Amino acid sequence: MNFIFGHLLFALTLSTAFAFNMNRFYKNDDYPKTLTAANFDSYVYNRNSATLVEFYSSYCGYCKRLAPRYKLFATSVLNWKPVVRIAKVNCEELQNVDLCRAHKSISFPTFRYFGPNHQPEENGTYIPNMLEGSEFSLISSSHMIVENSDKLNTQLMQEMTIQQLMNTVSSKQPKGWPKLTTLFADNKVALFNEIKESHKPTFIVLELKNSKHDVGIKVQLDLSEHNDIIDTYHAKIDETLMNQLQEQASVLLIRVSNAKEQLYEVLKGWTPDEMNVKAVEFQHCMVSVVNNSYVKRKEHKEEQPLTMVDLYNALQHSLRHNIALRKTLTRRVAQKRYSSDEQLVE
């Protein structure tokens, strides 16, 4: 019995791991999304989400070197899809020549940002590549822009994307997007006056005004797929207010239970030294706290699909507790235990 049980659990473990790994592999395989003249319009235009598109050439050395970093960047912002999606167009392919010419891709790589509800007659916003640091390069020379693509990394491309999103929300809040506008406050009254009363769980990521990490908006974007069941904000505050909330903190994640009465709970906090070392890890930690403690509570079990984990746990429980109590397993017992159709029971 133990021999059979051990082999069955081993097989289930292997099949479960294989299924999950394959699902994760195929999920990201075509991301950034490959666009052509055939699917560009349907993917980019008249959508509630924005799209960042790289126009490149498969023969361009800069583009070849950028490709793995662009892939890594796209994977890092996979959860931002409800707000912005990442795509690419190979201008070397004959079917895409007119498309690339229409979007003025005369040097490679060229980045263009297409905002939400973008119309076919409108060209995307041209984005100059960035130099070292966190400031945008406003250089107009195509040669300089191509040279700078070698310095692009995940962080810089995230900042490049966020800047475009902030430009979008500065004029109009797109429907279904989190409230990405930065809040500024130097006291609790000013801070909580910016928070709208809501029946949904409400969270704020607070950062010092001089913080260079900008994890608040990244947390909002990471949680954007849950915007229908939670509200998120990010704010820049001065050191005095931060110390009132939690001493020596540089970044705080708080949950607001009643903005009018200034009722809140500090969920997580980090010092400046901690943020300087592990800013990305703490960003993911904040997302996990909200996901595990609040988002999953809102999800209805009947809406969840059956997974290999469910099957594994059900069989494991049955083998350990139900079958182990019987010396023999007859057809009658098996049908009573595992069949919902009473007519099958003799």
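**Salt bridges in the model**

Modeller: Asp-150 counts as partly exposed, with a relative accessibility of 33%; the term covers values between the buried class, under 20% relative accessible area, and the exposed class, over 50% (1.4 Å probe, protein chains only). The model is predicted, so local features need pLDDT of at least 70 and side-chain atom pairs count only at pLDDT 80 or more, while totals for chains, interfaces and linings use all residues. Residues are numbered from 1 along each chain as its sequence is written, and side-chain values use heavy atoms, with hydrogens and water left out.

The partner of Asp-150 is Arg-65: the two form a salt bridge whose closest N and O atoms are 3.0 Å apart. A salt bridge here is a side-chain nitrogen of Lys or Arg within 4 Å of a carboxyl oxygen of Asp or Glu. Arg-65 belongs to helix 3 (residues 61-76), whereas Asp-150 sits in the loop between helix 5 (142-148) and helix 6 (154-171), so the pair ties together parts that are 85 residues apart in sequence. Helices (H or I, at least four residues) and strands (E, at least two) are DSSP runs, numbered from the N terminus. Arg-65 is also partly exposed, at 42% relative accessible area.

The count of salt bridges by this rule is 6, and a network of them links Lys-179, Lys-200 and Asp-231. Between Asp-231 and Lys-179, the closest N and O atoms are 3.8 Å apart. Because Asp-231 lies in strand 8 (residues 231-237) and Lys-179 in the loop between helix 6 and strand 6 (183-185), this bridge joins parts separated by 52 residues in sequence. Lys-179 is partly exposed, with 29% relative accessibility, whereas Asp-231 is buried at 7%.

Asp-231 also meets the side chain of Lys-200 in a salt bridge, at 3.1 Å from N to O. Lys-200 is placed in the loop between helix 7 (188-193) and strand 7 (202-208), so its bridge to Asp-231 in strand 8 ties together parts 31 residues apart in sequence. Lys-200 is buried, with a relative accessibility of 18%.

As for the setting, the chain holds 12 helices and 10 strands, and 42% of its 346 residues count as buried. Among contacts (heavy atoms within 4.5 Å) with a separation of 6 or more, 68% join residues 24 or more positions apart.
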